[in-house]
Amino acid sequence: MQYIVTAYDGTDEKAIDRRLAAREEHLKSVERRFKEGQHLYGAAILDDEGKMIGSMMVVDYPSREELDNWLKVEPYVTGNVWQKIDIKQCKVASIFTDK
């Protein structure tokens with residue numbers, strides 16, 4: 001099942017510090033899951049000044065339970081970066097996923 005994960009960082013003054021501290025581990029995790037076919041696309045969400053304020057990912061997990069298991073170990077979750085996470089089921093057009 002495919003999902004759009006939209007996650008917003010905290011808005012406190014330490015939010016960007018938490019993001020930057022967890023970023024390397026987050027990117028390693030995404031790279032590993034991309035190679036395994038679980039993460040299809042992702043992007044940082046930027047504010048009007050170009051500052052990172054969240055993330056958008058399209059992921060593919062067999063079940064919502066497995067997606068939730070990923071979130072339990074996701075560095076931006078364990079590092080308290082993402083403060084609000086919205087998850088919606090979606091269907092990515094095959095033109096974007098066929099290799």
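Reply: Let's start with "contact": it means heavy atoms within 4.5 Å. Keep in mind that this is a predicted model. Leaving aside neighbours within four places in sequence, H26 is in contact with M57, E74, P75, Y76 and W82.

Me: Why is H26 called buried?

Reply: Buried means under 20% relative accessible area. H26 has 7%, so it counts as buried. H26 is found in helix α1, residues 15–35.

Me: What makes the link between H26 and E74 a polar contact?

Reply: The cut-off for a pair of N or O atoms is 3.5 Å. The side chains of H26 and E74 come to 2.7 Å, so the pair is within that limit and gets the name.

Me: How do you know that the length of α1 fits a helix?

Reply: Take 1.5 Å times one less than the number of residues. For the 21 residues of α1 that should span 30 Å, and the end C-alpha atoms are 29 Å apart, so the two agree. There is also a kink of about 50° in α1, centred on R23.

Me: Which residues of α1 are buried, and what do they pack against?

Reply: The buried ones are A15, R19, A22, H26, S29 and R33. They pack against β1, β2, β3, α2, α3 and β4. Just after α1, G37 takes a positive phi of about 85°.

Me: What is the phi of N80, and why is N80 called partly exposed?

Reply: Phi of N80 is near 60°, a positive value in a residue other than glycine. As for the label, buried is under 20% and exposed is over 50%. N80 has a relative accessible area of 42%, which falls in between, so it is partly exposed. N80 lies in the loop between α3 and β4.

Me: Is H39 buried or exposed, and how do you know?

Reply: H39 is at 2% relative accessibility, and the limit for buried is under 20%, so H39 is buried. Its place is in strand β2. Not counting residues up to four places away in sequence, H39 touches V30, R33, F34, M57, V58, V59, Y61 and W70.

Me: And what makes the pairing of H39 with Y61 a polar contact?

Reply: Their side chains are 3.0 Å apart in that contact, and the cut-off is 3.5 Å, so the pair qualifies.

Me: Which residues touch the most other members in the largest nonpolar core?

Reply: Of its 14 residues, those are V5, V59, L67, W70 and W82. The elements that give two or more residues to this core are β1, β3, α2 and β4. Setting aside neighbours within four places in sequence, V5 is in contact with residues including V59, L67 and W70.

Me: Where is C90, and how far is it from H26?

Reply: C90 is found in strand β4. C90 and H26 are 64 residues apart in sequence and 23 Å apart in space, C-alpha to C-alpha. Not counting residues up to four places away in sequence, C90 touches Q2, Y3, I4 and V58.

Me: What is the mean pLDDT of the protein chain, and where is confidence lowest?

Reply: The chain's mean pLDDT is 95, and 99% of its residues reach 70 or more. Confidence is lowest in helix α4, residues 94–97, at a mean of 81, and highest in β1, at 98.

Definitions and conventions
Residues numbered from 1 in each chain as written. Predicted model: local features only at pLDDT ≥ 70, side-chain atom pairs only at ≥ 80, totals over all residues. Heavy atoms only, no water. Helix = DSSP H or I, 4+ residues; strand = E, 2+ residues; numbered from the N terminus. Buried < 20%, exposed > 50% of the residue type's maximum accessible area, 1.4 Å probe, protein only. Polar contact = N/O pair within 3.5 Å; in protein donor to acceptor, adjacent residues only side chain to side chain. Bend = angle between axes of the 7 residues up to and from the residue. Core = buried A, V, L, I, M, F, W, Y, C linked by side-chain atoms within 4.5 Å. pLDDT = per-residue confidence, 0-100.
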